[in-house]
Amino acid sequence: MRNGICKLNLYADLRIAMFNGLKQSAATQDRIDPLPSEMYGPIREHLAAVVAEKIRMLGAENRV
């Protein structure tokens, strides 16, 4: 690989992103019974940002 990376562990970074999204979701809920899209939206956004960062870091953009 270009930067000498031969192994990449994503699980911890994804767990952290999920937790940060969950914290954001919990802090912004006005309802006691939030809808799934309201509750999981921030989690998906945080996860998507980390995945996009890893794809760029690995030079895997626009690959099939």
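How many helices and strands does the protein chain have? The protein chain has two helices and zero strands; helices (H or I, at least four residues) and strands (E, at least two) are DSSP runs, numbered from the N terminus.

This is a predicted model, in which local features need pLDDT of at least 70 and side-chain atom pairs count only at pLDDT 80 or more, while totals for chains, interfaces and linings use all residues. Residues are numbered from 1 along each chain as its sequence is written, and side-chain values use heavy atoms, with hydrogens and water left out.

View 1. The side chains of Lys54 and Asp13 meet in a salt bridge (2.9 Å, N to O); the term denotes a side-chain nitrogen of Lys or Arg within 4 Å of a carboxyl oxygen of Asp or Glu. Lys54 is buried at a relative accessible area of 12%, whereas Asp13 is partly exposed at 29%. Buried means under 20% relative accessible area, exposed over 50%, and partly exposed in between (1.4 Å probe, protein chains only).

**View 2. Asp33 forms a salt bridge with Arg31.** The closest N and O atoms of Asp33 and Arg31 are 3.3 Å apart. Asp33 is partly exposed, its relative accessible area being 46%, and Arg31 is also partly exposed, at 40%. A search of the whole structure finds two salt bridges.

**View 3. Ser25 is a buried residue of helix α1.** Helix α1 covers residues 11-28, and Ser25 within this helix has a relative accessible area of 2%. A polar atom of the Ser25 side chain lies 2.8 Å from the backbone oxygen of Met39. Not counting residues up to four places away in sequence, Ser25 touches Glu38, Met39 and Pro42, where contact means heavy atoms within 4.5 Å.

**View 4. Leu8, Leu10, Met57 and Leu58 make a nonpolar surface patch.** The patch has an area of about 270 Å²; accessible areas come from the Shrake-Rupley method with a 1.4 Å probe, and for residues only the protein chains shown count as cover. Patches are made of residues with over 30% relative accessible area and no salt bridge: like charges are joined within 9 Å, nonpolar side chains (Val, Leu, Ile, Met, Phe, Trp, Tyr) within 5 Å. Met57 lies in helix α2 (residues 36-57) and is partly exposed, with a relative accessible area of 33%.

Conventions:
A polar contact is a pair of N or O atoms within 3.5 Å; within protein, one must be able to donate a hydrogen and the other to accept it, and residues adjacent in sequence count only if both atoms are side-chain atoms.
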